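Visitor: I would like to learn how to read a protein structure, one feature at a time. Could you take me through it slowly?

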Amino acid sequence: QVQLVESGGGLVQAGGSLRLSCAVSGTIFSINVMGWYRQAPGKQRELVATITSIDSTNYADFVKGRFTISRDKNTVYLQMNTLKPEDTAVYYCNADVRSRSYLSTKNYWGQGTQVTVSS
């Protein structure tokens, strides 16, 4: 079994910063792509950023230059700077995990952490 646990969300004023963390635990052989997605009220979940096992990154246009994704072993981080009210959403961690060398990769989600940016 694999679990993803996010932390670091909260309330911040516009222009402020937050750092999200997501720890992956359980039976892990390898982790391929890790990423962050977000879902605002009444909207679909959308990609924020992803990072591969060789640290290749991809960002949504609306966070380029403001957010930075990174990873350290089984933890992925999202440093969010210059936050805007429109960044308010529940942020979800996502990871492609291979639990055993002979098993295929499975995709997992965290439970989400609320980020609220006040104007």
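This is a predicted model: local features need pLDDT of at least 70, side-chain atom pairs count only at pLDDT 80 or more; totals for chains, interfaces and linings use all residues.

Visitor: In what order do the four strands of the open sheet stand?

Guide: Strands are DSSP runs (E, at least two residues), numbered from the N terminus, and two of them pair if DSSP finds at least two bridges between them. Here the order is β1-β3-β8-β7, with antiparallel pairing. Because β1 (2-7) and β7 (67-72) stand at the edges with a single partner strand each, one side of each is left without a neighbour in the sheet. From one strand to the next the twist averages 15 degrees, an angle taken between the N-to-C directions of lines fitted to C-alpha atoms, on a scale from 0 to 180 degrees.

Visitor: How many bridges join β1 to β3?

Guide: Six bridges join these two antiparallel strands, and among the paired residues are glutamine 3 and its partner in β3, serine 25. Strand β3 (residues 18-26) also pairs with strand β8 (residues 75-80) in the antiparallel sense, over six bridges. In β8, tyrosine 77 is the bridge partner of serine 21, and glutamine 79 is that of arginine 19.

Visitor: Is serine 21 buried or exposed?

Guide: Buried means under 20% relative accessible area, exposed means over 50%, and partly exposed lies in between (1.4 Å probe, protein chains only). Serine 21 has a relative accessible area of 19% and is therefore buried. Contact means heavy atoms within 4.5 Å, and, leaving aside residues up to four places away in sequence, serine 21 touches Val5, Glu6, Ser7, Trp36, Val76 and Tyr77.

Visitor: Which residues touch the most other members of the largest nonpolar core?

Guide: In soluble globular proteins, nonpolar side chains tend to be buried together. A nonpolar core is a set of buried Ala, Val, Leu, Ile, Met, Phe, Trp, Tyr and Cys residues joined through side-chain atoms within 4.5 Å. The largest one here has 30 residues, of which Trp36, Leu78, Met80 and Tyr91 touch the most other members. Elements giving two or more residues to this core include β4 (30-39), β5 (46-51) and β11 (113-118), while the largest share, five residues, comes from β9.

Visitor: Which cysteines form a disulfide?

Guide: A disulfide is a pair of cysteine sulfur atoms within 2.5 Å, and the structure holds one. Cysteine 22 and cysteine 93 form it, with their sulfur atoms 2.1 Å apart. Because cysteine 22 lies in strand β3 and cysteine 93 in strand β9, the pair ties together parts that are 71 residues apart in sequence. The torsion about the S-S bond is about -80 degrees, so the disulfide is left-handed. Cysteine 22 is buried at a relative accessible area of 0%, and cysteine 93 also counts as buried at 0%.

Visitor: How many aromatic pairs does the structure hold?

Guide: A pair of aromatic rings is described by the distance of the centres and the angle of the planes. Rings of Phe, Tyr and Trp (its six-membered ring) pair if their centres lie within 6.5 Å, and planes under 30 degrees apart count as stacked, over 60 as edge-to-face and the rest as tilted. The structure holds two such pairs. The rings of tyrosine 37 and tryptophan 109 have centres 5.0 Å apart and planes at 65 degrees, so this pair is edge-to-face. Tryptophan 109 is partly exposed, with a relative accessible area of 39%. For tyrosine 92 and tryptophan 109 the centres are 6.5 Å apart and the planes at 85 degrees, so that pair is edge-to-face.

Visitor: Where is aspartate 55 found?

Guide: Aspartate 55 is in the loop between β5 and β6 (57-59), and has a positive phi of about 65 degrees although it is not a glycine. Threonine 82, in the loop between β8 and β9, has a positive phi of about 50 degrees and is not a glycine.

Terms used. Residues are numbered from 1 along each chain as its sequence is written. Side-chain values use heavy atoms; hydrogens and water are left out.
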